[in-house]
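Visitor: I would like to learn how to read a few features of a model such as this one. Please give the general rule, then the case.

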Amino acid sequence: MNDFQGQTVLITGAATGLGAAAAELAAEAGARVAVLDVNDADGRKTAERTGGAFWHLDVSSPAAWQETVADVEARLGPVRYAHLNAGIMTVPVTADLAPARLEDVTPERYRRMQGVNADGVFYGIQTLLPRMTAQGAGAITVTSSAAGLIPIPFDPVYAMTKHALVGLVRSLALAYADGPVRLNVLCPGGFSSDLLPPERRESVTMTPREMAMEAIDLLLHGGMGEVRLKLRKDLPAEAVPPPGFSLG
Ligand SMILES: NC(=O)c1ccc[n+]([C@@H]2O[C@H](COP(=O)([O-])OP(=O)(O)OC[C@H]3O[C@@H](n4cnc5c(N)ncnc54)[C@H](O)[C@@H]3O)[C@@H](O)[C@H]2O)c1
């Protein structure tokens, strides 16, 4: 498979977990990979493993987005594909998935959640979409979550940010329907990664690599505005349509 031969693929949150696995798959398919993360040590390791290059990027900073993408394009060529994947949870998930308490969400943590999970994707799209449009082609896949579609009592703020991504991409897909850039969303169920505490990791059956295969497939073949749920290993991935009504 050489689907990305000669193409630059940019991935955020690519130091570990799903983003690192997506970087490996993209490299195996011939991509030059731009590994973006705040975790410099693991980010550099991903870049070394994939023959790519690492940039320190805090996705919540619009100025850093502009600078980083300009440098990526100067060094690796135009970004044709982007997987906007960086994400955090409000508080560490507990083994028993105890319901969250609002008083535990400090203003600093709340802003950080919005900054990474929601702003980080918005600024990424705002930076990349005009460049891809000018190049005449491109695709952007956003990592949301099953928590972008259903409530999760153990982290309501996480659910809020992940729902926001579904609304953003579905809306942009309509606004930019005539453009050359495809935008879509991956909603994973649980897979084993640093996001989950070790005791929870044993109960999830999917690996980052299995989930990354869905992300790569969406980048290459996903539809405009497609929202794809991959809930569990034993269930096929499914397209989740929006409700059947619209404004106006
Ligand atoms: N693991 C799961 O069960 C699960 C389920 C559904 C969705 N997700 C989503 O998958 C994505 C990847 O998570 P993962 O499970 O691989 O966990 P992970 O912790 O291994 O990966 C997240 C990455 O994002 C990076 N990151 C954090 N803040 C950042 C910032 N400000 N700027 C740039 N990078 C930043 C981290 O350093 C890390 O490398 C996240 O968006 C997460 O919400 C995970």
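Visitor: Leaving aside its neighbours within four places in sequence, which residues is lysine 162 in contact with?

Guide: Contact means heavy atoms within 4.5 Å. Lysine 162 is in contact with Asn117, Thr143, Ser144, Ser145, Ala147 and Gly148, once neighbours within four places in sequence are left aside. Two notes on the source: this is a predicted model, where local features need pLDDT of at least 70, side-chain atom pairs count only at pLDDT 80 or more, and totals for chains, interfaces and linings use all residues. Residues are numbered from 1 along each chain as its sequence is written, and side-chain values use heavy atoms, with hydrogens and water left out.

Visitor: Is lysine 162 buried or exposed?

Guide: Buried means under 20% relative accessible area, exposed over 50%, and partly exposed in between, with a 1.4 Å probe and protein chains only. A salt bridge is a side-chain nitrogen of Lys or Arg within 4 Å of a carboxyl oxygen of Asp or Glu. For charge, Lys and Arg count as positive and Asp and Glu as negative, while His and the chain ends are not counted. Lysine 162 is buried yet has no salt bridge, and the nearest side chain of opposite charge, aspartate 155, is 10 Å away. A polar atom of the lysine 162 side chain does lie 3.2 Å from the backbone oxygen of threonine 143.

Visitor: Where is lysine 162 placed?

Guide: Helices (H or I, at least four residues) and strands (E, at least two) are DSSP runs, numbered from the N terminus. Lysine 162 is in helix α5, residues 156–175. The expected span of a helix is 1.5 Å times one less than its number of residues. For the 20 residues of α5 that gives 28 Å, and the end C-alpha atoms are 28 Å apart, which agrees.

Visitor: What do the buried residues of α5 pack against?

Guide: They pack against α4 (107–135), β5 (138–143), β6 (181–188) and β7 (227–230). Among the buried residues of α5 are Tyr158, Leu165, Val169 and Arg170.

Visitor: How many salt bridges does the structure hold?

Guide: The structure holds 13 salt bridges. In one of them, glutamate 210 and lysine 233 have their closest N and O atoms 2.3 Å apart. Glutamate 210 is in helix α7 and lysine 233 in the loop between β7 and β8 (238–239), 23 residues apart. Glutamate 210 is partly exposed at 27% relative accessible area, and lysine 233 is partly exposed at 44%.

Visitor: Which side chain meets glutamate 214 in a salt bridge?

Guide: Arginine 228 does, at 2.9 Å from N to O. Glutamate 214 lies in helix α7 and arginine 228 in strand β7, so the pair ties together parts 14 residues apart in sequence. Glutamate 214 is buried, with a relative accessible area of 16%, and arginine 228 counts as buried at 10%.

Visitor: How many aromatic pairs are there?

Guide: Rings of Phe, Tyr and Trp (its six-membered ring) pair if their centres lie within 6.5 Å; planes under 30 degrees apart count as stacked, over 60 as edge-to-face and the rest as tilted. By this rule there are two aromatic pairs. Phenylalanine 4 and tyrosine 81 are edge-to-face, 4.9 Å centre to centre with 80° between the planes. Phenylalanine 4 lies in the segment before β1 and tyrosine 81 in strand β4, so this pair ties together parts 77 residues apart in sequence.

Terms used:
Polar contact = N/O pair within 3.5 Å; in protein donor to acceptor, adjacent residues only side chain to side chain.
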